[in-house]
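User: I have a model to go through with you. Please set each label against its cut-off.

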Amino acid sequence: MLIEDEILNPIISDLIKGQRLSIIQGLALLKHPNLNGVLEIANLDKKARYGENIFFNVNIHVNQSNICVLACKFCAFRRGKRADDAYALDTNSYISQIEPFAEIVDEVHSVGGLHPEWNLGYYCNLFEQTKNRFPSITIKALTAVEIKHIATISGESFKETIRQLKQSGLGSIPGGGAEILVDSVRDKICKGKESSQEYLDIHGIAHTLGMPTNCTMLFGTVETPEERIIHLDKLRCQQDKTGGFQCFVPYPFLPDSSRLPEAQLSSANEILRMIAVSRLMLDNIPHIKAYRMNIGDEIAELAISVGADDIDGTVIQESIMHLAGSTAQLDFGIDELCRLVRRAGGVPIRRDTVYSKFKPIEIKSPSSVHRLNMAK
Ligand code: SF4
């Protein structure tokens, strides 16, 4: 690759040698005027890992409750217990939301508010019943702050909480709630949430218990470019220790006049650059996701050409991002998602939640509607 640039050339050399980029190099990429150069390097990194393959899964989001004892400043989802539209799904209602899609989805993704009464016993029962009903669907659920909350109200350690949840059927932990892993930023946007270290500790404990997790970054609230790079560095340092992060999901804050009005909507270029820099900085986290529920289909299509290798997903129903202003299409068919991937020059590969089973999707293959049950 030929880029005549005194900042990018040494970075390319380091990447070719397999050297980790420094925080200063990450910051340089975030600020570099040659955006196309940065995006191209990230695309080459992604291609060296996976060729043209782009991974996706077939999933449904079911949010178990919007009642939350916290009030993060960016959150459009949470409600107080007495709000007219507050809800809390009991086990039967939760299962009945999955039921209509049980033949086609591989994963149910469930996060929610910090319910004041639901303890460890409640969630263990919920997951046990769900797994009994749908044994082949993976439950990916509960962000780090939810696990902290459940542990606290149940009087259990993080480790024991995760151990029991795993035993009850929890298969994987999503990465939500990382926001920016700098406590001074967290104090401004989500005071009362888990600290940066607690987020990392909870994921690290899950990894040591054999539970894979994802990690995220919510950017574009009040953080500086330096704090975004510090966030990435903290994640890769945690990954060095415990190794269980499978996918990193960067997404921008979607502002409106009532939540953090000082924040600015990230431009498409800024989103693409953040995805590219994430690919280059996170040398030890395998996958980078284009989260179409947040960034929309047009930017997601571009993102898989600038470092992202994963696109989430068919997402039959979703409310957190849509309440925050997302207009991404729900109930994307598999063929529609694959068309998006192919338009970007990618080869769509259906995967399971934990990246252990893969299936290339043929154009208009009738088998594409069947459950993922093929060999690795
Ligand atoms: S982001 Fe999560 S913890 Fe914060 S207010 Fe919303 S639901 Fe509650």
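Analyst: Start with a term: helices (H or I, at least four residues) and strands (E, at least two) are DSSP runs, numbered from the N terminus. Ile299 is found in helix α12, residues 292-303. This is a predicted model, where local features need pLDDT of at least 70, side-chain atom pairs count only at pLDDT 80 or more, and totals for chains, interfaces and linings use all residues. Residues are numbered from 1 along each chain as its sequence is written, and side-chain values use heavy atoms, with hydrogens and water left out.

User: Why is Ile299 called buried?

Analyst: Buried means under 20% relative accessible area, exposed over 50%, and partly exposed in between (1.4 Å probe, protein chains only). Ile299 has a relative accessible area of 17%, so Ile299 is buried.

User: Which residues does Ile299 contact, beyond its neighbours within four places in sequence?

Analyst: Contact means heavy atoms within 4.5 Å. Ile299 is in contact with Ala268, Ile271 and Leu272, with neighbours within four places left aside. Asn269 is 30 residues from Ile299 in sequence, and their C-alpha atoms are 9.2 Å apart.

User: Is Lys81 buried, exposed or partly exposed, and why?

Analyst: The relative accessible area of Lys81 is 47%, so Lys81 is partly exposed. Lys81 sits in the loop between β2 (59-61) and α4 (91-98). Not counting residues up to four places away, Lys81 touches Ile67, Ala86, Pro116 and Glu117. Cys68 lies 13 residues from Lys81 in sequence and 7.5 Å away, C-alpha to C-alpha.

User: Which residues surround the ligand?

Analyst: A residue is near a molecule or strand if one of its heavy atoms lies within 4 Å of it. The ligand is surrounded by Cys68, Leu70, Ala71, Cys72, Phe74, Cys75, Arg78, Gly113 and Lys193.

User: How does that shell divide by residue type?

Analyst: Ala, Val, Leu, Ile, Met, Phe, Trp, Tyr, Cys and Pro count as nonpolar; Asp, Glu, Lys and Arg count as charged; the others, Gly among them, are polar. The shell around the ligand has 6 nonpolar, 1 polar and 2 charged residues.

User: What makes a nonpolar core?

Analyst: A nonpolar core is a set of buried Ala, Val, Leu, Ile, Met, Phe, Trp, Tyr and Cys residues joined through side-chain atoms within 4.5 Å. The largest here has 105 residues, and those with the most contacts inside it are Tyr123, Phe127, Leu165, Leu232, Leu235 and Phe248. The largest share of this core, 8 residues, comes from α11. Not counting residues up to four places away in sequence, Phe248 touches several residues, including Leu232, Leu235, Leu282 and Ile285.

User: What is the phi of Tyr355?

Analyst: Tyr355 has a positive phi of about 55° although it is not a glycine. Tyr355 is found in the loop between β10 (347-351) and β11 (358-360).

User: Why is Tyr355 called buried?

Analyst: Its relative accessible area is 11%, so Tyr355 is buried.
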